[in-house]
Amino acid sequence: MNKAKTGRAKVALSKPSEGASGLTGLWRLRRPVIDPAKCTKCHLCWLYCPEGAIARGADGAVWMIYEYCKGCGICSEVCPSKSISLVKEG
Amino acid sequence: MITLKDLPVEEYYLPGNAACSGCASALSTRIALKILGPKTIVVIPACCASVIQGYYPKSPSKVPIMNTAFAATAATASGIVAGLEVKGRKGITVMGWAGDGGTADIGIQALSGAAERNEDFIYICYDNEAYMNTGTQSSSATPRGAKTTTAVMGKGERKKDVPEIMIAHDLPYVATACAAYPLDFAEKVSKAMKLKGLKYIHLLSPCPPGWRFPTEKMVEVGKAAVMTGAWILYEWEGGKYTLTGPSKGLIDKAKRRPLKEYLAMQGRFSKIPEAEVEALQRDVDSKWEAMKKKLGA
Amino acid sequence: MIIATGNHAVSYGVRAARAEVIAAYPITPQTQIIEKLAELIQSGEMRAKYIRVESEHSAMSACIGAEACGARTFTATSSHGLAYMSEMVFWAGMGRFPIVMAVVNRTLAPPWSIWNEHTDMLAQRDSGWIMMMCGSAQEAHDTTVMAYRIAEDERVLQPVMFGLDAFSLSHTAENLELIDQEVADGFLPPLNPESLPVYMDPDNPVTFGNLLGPDKMMEFRHLIKEAFGRAKGVIEEAAKDLSNATGRKQHGLIEDYRSSDAEVVILAMGASSGDCKDAVDILRDEGIKAGMVRVKTIRPFPGEEIASSVRGAKAVAIVDRDYSYGFGGIIGREAASYLSKKPLNYIAGIGGRDITVEDFRKIAEDALASAERGELGIEKWWGMRGFEG
């Protein structure tokens, strides 16, 4: 579908891809760091992450996808157990 | 009620997109698509959401997106709905996702036309209260007093009330939402998805660069908009208004936080004269008085 | 055989082509087209979805949306409607949506005018649409069906608009032979969604229209250029096939009338070409070897074909019912760039003024006389009257 018989696209069509705009983690000025000991696995950080850059494991654990996390800090603000701290990059 | 557990883990709007850090529109797109699922076609006009997709040949979206011209969201969506219908392609939800400029200003004609025809799609206006994609020019959805690049002393006119305009079209469903309350928003998207006809959701989307507040404060600013009563969360269905979320508890003025707390969080209201703050507070109060009447409270 | 206006001839063509989604907005003198279509759909004579949009901009937007879901679409407009639609006309052209649109050619205001002129359509000539111009109601009917074949051909995949002159064609009733449905179905296969450049399918999700940097835009635009290169052959092929299928001579790129041995050739376009042919016959009776070439297709521009047809002529008179201010007659200027000898450009019929048989006869004589004096490459506004009286 969407291909000419030559197998070449006829108009510019973009395909779903992670990192469509590159490794946006490079934008980050502050790195969110989760303290697993304090995390209650409530997943509010996951809910509120604008980027979808927080992953959830089967056991409920969460971790940051640093390749794409832009460091907005919302996760740290919404965390009820204050288990996410923001650490200056570089 | 939709809870966090009801949201699928799968992302339909992938990380590494071109949204600004702390973007409420990107967050809300993520949430809306989790509810709508993969059998969705999204129509996006010129707006932040068109830029967020980034450059060819990649896109963050796992559902098809039809980009269209600024004024054309609702008309393009109407065509998609008709195309699906005549081709017998069932079970696909069509969603228009447009900013406040593309909704309240240049796109209102097409939106009104589609609303009058009661076309079967969901239209979501993510309202960041100015032309943010082009660098914060005033739109008719910019609130009075807010500074923009075309209103350096603050906009003089009040915010256009688009949800009320849509209610006047007697649609199957109209709701307001706020990006700071994703589950309330998710609930509304879910409701809209189950209804036939044009469903309109007006989503307040706090914008860190445009409203000038730190990125991590996006949720707090959005919550302040609701808790001060500046933004009312409600649904309108079958001629009946219903308050939702925290707005339910804010009919009594004493329960609402003073508006100035919300204004003080944002650079766009910096140095706003005290008299103007009072005028804006009176606007909020009278809006609530009107809402009380609508609620029959 | 029925008697129908040019407008209704188009509506019946749309029915024969089995268009599935029609989005349109009324405008004089196009309105009859969509009224008839609405009637055909509402009476059950035609199976299609009619979207009663609130503007021409929305009409084209809706056609784009429907086409992207695999539906064959149609719209019609005129002058101001086309100008208002223009943003989406480009969207359809650059996005390669094989939509078909009828344009009833009318003068753009101000001042208000509802009469015919070709500038409205020609102002859209860089939008990536194949553009054709009809000379009769019959041709408008046949061209409607032909337009889909050309637009949807996998070698082309570009939208097609065709013009018909306001009133002199749109509202004039003529004998009309309808294309049999069976003939139309044989000529025009159903639209194959798999061939569409843009197809919205959640099972194969793509994003259409997000940002494209300077690194690749030229290459995609070049694909459109190549499609237009192939379109000439496809148009001629479609005209030939439809001629065979209907038994009526169909014109693809140009219509050549008695020009092979002509010393003066008039290059005409649109409804007035019928009068031009009459003038050619009269001149021939008078002993002047006159001929006519009619521009049927404007994009891709049949420059080589025109040049070849007028090669032996002493004088070429190009009649433009349009104008590009600060430049000249649009067809005149475009055709001139292909001709070895400079033509004469006659600007006539602006704002719907009649171009009569007598006008064409005099234009031919004037062109011949000018050529004999060596006065070529001149533009003349024909039949100017002054402001008094």
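Mentor: The area buried between domain 1 of chain C and domain 2 of chain C is about 2100 Å², and carbon and sulfur atoms give 56% of it. Keep in mind that this is a predicted model.

Trainee: What is the general idea behind quoting an area?

Mentor: The size of an interface is often given as the accessible area lost when the parts come together. In this structure, the parts are domain 1 (2-246) and domain 2 (254-381) of chain C.

Trainee: How far apart do the C-alpha centres of these two domains of chain C lie?

Mentor: The C-alpha centres of domain 1 and domain 2 of chain C lie 28 Å apart. The contact takes 28 residues from domain 1 of chain C and 26 residues from domain 2 of chain C.

Trainee: Which residues of domain 1 of chain C lose the most area to domain 2 of chain C?

Mentor: They are C:Leu122, C:Arg125 and C:Lys232, which together account for 28% of what the domain 1 side buries.

Trainee: How many salt bridges does the rule find across this interface of chain C?

Mentor: The rule finds 5 salt bridges between domain 1 and domain 2 of chain C. On the side of domain 1 of chain C that touches domain 2 of chain C, the elements giving two or more residues are helix H5 (119-122), strand E6 (130-133), helix H6 (137-152) and helix H8 (217-246).

Trainee: What does a single salt bridge look like?

Mentor: Take C:Arg294 and C:Glu139: their side chains meet in a salt bridge, at 2.9 Å from N to O.

**Cores**

Trainee: Next, what should I know about nonpolar cores?

Mentor: In soluble globular proteins, nonpolar side chains tend to be buried together. Here the largest nonpolar core has 176 residues, and B:Trp97, B:Phe185, B:Tyr200 and C:Met60 touch the most other members. Helix H1 (residues 24-36) of chain B gives the most to this core, with 8 residues. The core also draws at least three residues from each of domain 1 and domain 2 of chain C.

Trainee: Which residues does the second, separate core include?

Mentor: That core has 54 residues, among them C:Ile41, C:Met132, C:Val145 and C:Leu242.

**A covered helix**

Trainee: Is helix H1 (residues 6-16) of chain C mostly covered or mostly uncovered?

Mentor: Helix H1 of chain C is mostly covered, with 9 of its 11 residues buried. Among the buried ones are C:Asn7, C:Val10 and C:Tyr12. Just after this helix, C:Arg18 takes a positive phi of about 55°.

Terms used: Residues numbered from 1 in each chain as written. Chains lettered and ligands numbered in written order. Predicted model: local features only at pLDDT ≥ 70, side-chain atom pairs only at ≥ 80, totals over all residues. Heavy atoms only, no water. Core = buried A, V, L, I, M, F, W, Y, C linked by side-chain atoms within 4.5 Å. Buried < 20%, exposed > 50% of the residue type's maximum accessible area, 1.4 Å probe, protein only. Helix = DSSP H or I, 4+ residues; strand = E, 2+ residues; numbered from the N terminus. Domains from an automatic or database assignment. Contact = heavy atoms within 4.5 Å. Buried area = accessible area lost by both parts, 1.4 Å probe. Salt bridge = Lys/Arg side-chain N within 4 Å of Asp/Glu carboxyl O.
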